[in-house]
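Hi everyone, thanks for coming.

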Amino acid sequence: MENFLEKAKASSAIIATLDGKTKSRVLRTMAEALEREMEKILAANVLDMQAAEENGLSSALKDRLYLDEKRVKAMAESLRQIAALREPVGRVLEGWRNEADLRIEKVSVPIGVIGVIYESRPNVTADVGALCFKSGNVAILKGGKEAEHSNRAIAKVLQGVLEAEGLPREIISLLPDSSREGVAYLIKQDRYVDLIVPRGGETLIRYVSENATVPVVKHDKGLCHTYIHAEADPDMAAAIAINAKCDRPGVCNAMETLLVDCEIAPEILPRLYDLFKEAGTQLRADEGALEFIEAALASEEDWDTEYLANILAVRVVDGIEEAIAHIRRYGSGHSEAIVTENYSAAERFLDEVDAACVYVNASTRFTDGGAFGFGAEVGISTNKLHARGPMGIDELTTYKYKIYGKGQIR
């Protein structure tokens, strides 16, 4: 492991100085290679899906794990989008002259070596590898055991392109020791690793946060809310609520709790009940909501649960103040939404709700690097430092000060 990390650190000096045109060209070549090697990637994914069936993985996890031709092509397209993004390294963020006539420039630079720990989704291997490459960083990837064959196949394709370009394969590589002990070792190697990004379940996030000596940017749980305000358009509210919960229930930007204003509840809740019933959603409701729909009585635990399944908690609230108070208490700082035609209510919600992404009249499902125009994301940070929300190439850079003098001394 130490030998591997030494090579990764040494590789960071090479990738950091690659020019933008070269990086973009290599990424386009990687996209072509993924499509060319699609059969091998899909064959590897079949092995992972078979193991998922044998091990009784949930339908949500199997959906994350599954690859088909469409998803591999989407992976390749993400790499092309990342390649087309503006060069994030070497940008002069600010510049000025001080009293001593020193010319000072604040310039964007890569972070260095980034370790990303994730579960289930094999597309993360390509997405994160590409984002790190574009931003001049080395990516050390530790995917979940359930996606082992798929991740290896994808990494092999990307590394093949690196080697063909005369670049070290360690620039995008899987962690050699993927055991718990391997992860425990990685997150303490601040001599070689500059940042750790854990994205997965609460247990993983807590373990990494509590044990790492390397700086951590958490991709924490997505306990997302949608609040239907008293002055919401009913058609819009219904469409947004169904999309936020039912489009892909097993992802972190899916809605987990629906808050409905008591003024609109008699009108909107029966309608939503029929739509959710048609979508197979299990509802858990408070006593206020149970006046209008049939559902299991929600417990205190339901308000604090990221289901990652087609289950929804529903609560009737007495106005926007109570809705915001509920979100403050139970929200995870990921994504929150209000549906309203009232401008003042919308602005109050935007200003007072503390989350990485706050929406007016749109589904929380848009919290995604691709949807934001980043090509993909390394994770969706619920930190406030140094990155927040979808982490794209700009969030994978830091900065240094370049100071130009003419013999000045102090």
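**Cavity and pockets**

Lining the largest cavity are eight nonpolar residues, with no polar and no charged ones. Here Ala, Val, Leu, Ile, Met, Phe, Trp, Tyr, Cys and Pro count as nonpolar, Asp, Glu, Lys and Arg as charged, and the others, Gly among them, as polar. Before going on: this is a predicted model, where local features need pLDDT of at least 70, side-chain atom pairs count only at pLDDT 80 or more, and totals for chains, interfaces and linings use all residues. Residues are numbered from 1 along each chain as its sequence is written, and side-chain values use heavy atoms, leaving out hydrogens and water.

A cavity is a set of points, on a 1 Å grid over the protein atoms alone, where a 1.4 Å probe fits but cannot get out; a pocket is an open set with protein on both sides within 12 Å along at least five of seven lines, and lining residues have an atom within 4 Å of a point. Points are joined across faces, edges and corners, and volume is the space filled by probe spheres set on them.

The largest cavity has about 30 Å³. Which helix gives the most to its lining? That is H11, residues 265-278, with four residues; helices (H or I, at least four residues) are DSSP runs, numbered from the N terminus.

Now the largest pocket, at about 1000 Å³. It has 43 lining residues, with Arg-121, Asn-123, Asp-127, Arg-248 and Asp-368 nearest its centre. Its lining divides into 14 nonpolar, 12 polar and 17 charged residues, and H5 gives the most, seven.

Methods
Helix = DSSP H or I, 4+ residues; strand = E, 2+ residues; numbered from the N terminus.
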